Amino acid sequence: NMGMIDVFRLFSLSNEFACIPVRENEKLELGKFIDKVPVPVKGSIDEAQTKINILLQVYISKFKTEGYDLNADMVYITQSAGRIMRALFEICLKKGWSQLTQLLLK
């Protein structure tokens with residue numbers, strides 16, 4: 001059984017985001033958000049997957065970011081989010097995984 005934490009983690013592991021690095025100047029701001037986001041984040045701030053997870057939740061929560069680089073990455077992530085989540089939903093629907101399908105609808 002996957003929970004919301006695992007769904008966000010799975011999203012952040014997408015190959016779509018392989019080119020997104022974690023820059024030194026972003027770590028402080030990411031550190032502020034890691035405790036504020038609604039769904040707990042697994043992983044270290046040094047990992048790109050953690051950054052992607054945090055930025056998606058920052059966008060959903062309507063928090064404001066300060067750095068240009070973070071904003072640019074967040075735009076890229078949010079532009080891909082709908083398509084990736086829809087693909088995850090379709091996969092779960094076709095596999096008959098009803099609990100996960102329902103979770104993805106939320």
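What pattern does the protein chain follow when read along the sequence? The answer is α-α-α-α-α. In total, the secondary structure comes to five helices and zero strands. Please keep in mind as you look around that this is a predicted model.

Let us begin with the overall form. The C-alpha trace of the protein chain spans about 45 × 25 × 25 Å along its principal axes. The radius of gyration of the chain is 14 Å, which agrees with the value near 13 Å that a compact globule of 106 residues would have. Of those 106 residues, 37% are buried. Contacts across the sequence also tell us something: if you take the contacts between residues at least 6 apart in sequence, 63% of them join residues at least 24 apart.

You will find Lys51 in helix α3. Is Lys51 buried or exposed? Lys51 counts as buried, because its relative accessibility is 0% and the cut-off for buried is under 20%. Setting aside residues up to four places away in sequence, Lys51 touches Ile20, Pro21, Val22, Arg23, Glu26, Leu30, Leu70 and Asp73. One of these neighbours, Pro21, has its backbone oxygen 2.7 Å from a polar atom of the Lys51 side chain.

Arg23 sits in the loop between α1 and α2, where α2 covers residues 27-34. With a relative accessible area of 25%, Arg23 is partly exposed, because partly exposed covers the values between the 20% cut-off for buried and the 50% cut-off for exposed. Again leaving out residues up to four places away in sequence, Arg23 touches Lys51, Asp69 and Asp73. With Asp73 there is also a polar contact, side chain to side chain, of 2.9 Å. If you look from Arg23 to Ile34, eleven residues apart along the chain, their C-alpha atoms are separated by 16 Å.

Leu30 takes us into helix α2. Leu30 is buried, with a relative accessible area of 0%. Beyond its neighbours within four places in sequence, Leu30 is in contact with Ile45, Lys51, Ile54, Leu55 and Leu70.

Now follow the chain to Lys62, in the loop between α3 and α4. Is Lys62 buried or exposed? Lys62 is exposed, with a relative accessible area of 70%. Its backbone also has something to show: Lys62 is not a glycine, yet its phi is positive, at about 65 degrees.

Next comes helix α4, where Glu90 has its place. Glu90 is partly exposed, with a relative accessible area of 25%. Its side chain is joined to that of Arg86 by a polar contact of 2.9 Å. The C-alpha atoms of Glu90 and Pro40, which are 50 residues apart along the chain, are separated by 25 Å.

Helix α5 holds Thr101. At 8% relative accessibility, Thr101 counts as buried. Apart from residues up to four places away in sequence, Thr101 touches Phe89, Cys92 and Leu93.

The largest pocket holds about 230 Å³ of space. Which elements give two or more residues to the lining of the largest pocket? They are α1 (4-12), α3 (48-61), α4 (68-95) and α5 (98-105). Of the elements, α1 gives the most to this lining, with three residues. The residues that line the pocket are Met4, Val7, Phe8, Leu56, Ile60, Ala81, Met85, Leu103, Leu104 and Lys106. By class, nine of the lining residues are nonpolar, none is polar and one is charged.

Technical notes
Residues numbered from 1 in each chain as written. Predicted model: local features only at pLDDT ≥ 70, side-chain atom pairs only at ≥ 80, totals over all residues. Heavy atoms only, no water. 1 Å grid on protein atoms, 1.4 Å probe; cavity = no way out; pocket = protein on both sides within 12 Å on 5 of 7 lines; lining within 4 Å. Points joined across faces, edges and corners; volume = space filled by probe spheres on them. Helix = DSSP H or I, 4+ residues; strand = E, 2+ residues; numbered from the N terminus. Nonpolar A, V, L, I, M, F, W, Y, C, P; charged D, E, K, R; others polar. Buried < 20%, exposed > 50% of the residue type's maximum accessible area, 1.4 Å probe, protein only. Polar contact = N/O pair within 3.5 Å; in protein donor to acceptor, adjacent residues only side chain to side chain. Contact = heavy atoms within 4.5 Å. Rg over C-alpha atoms; globule rule 2.2 N^0.38 Å.
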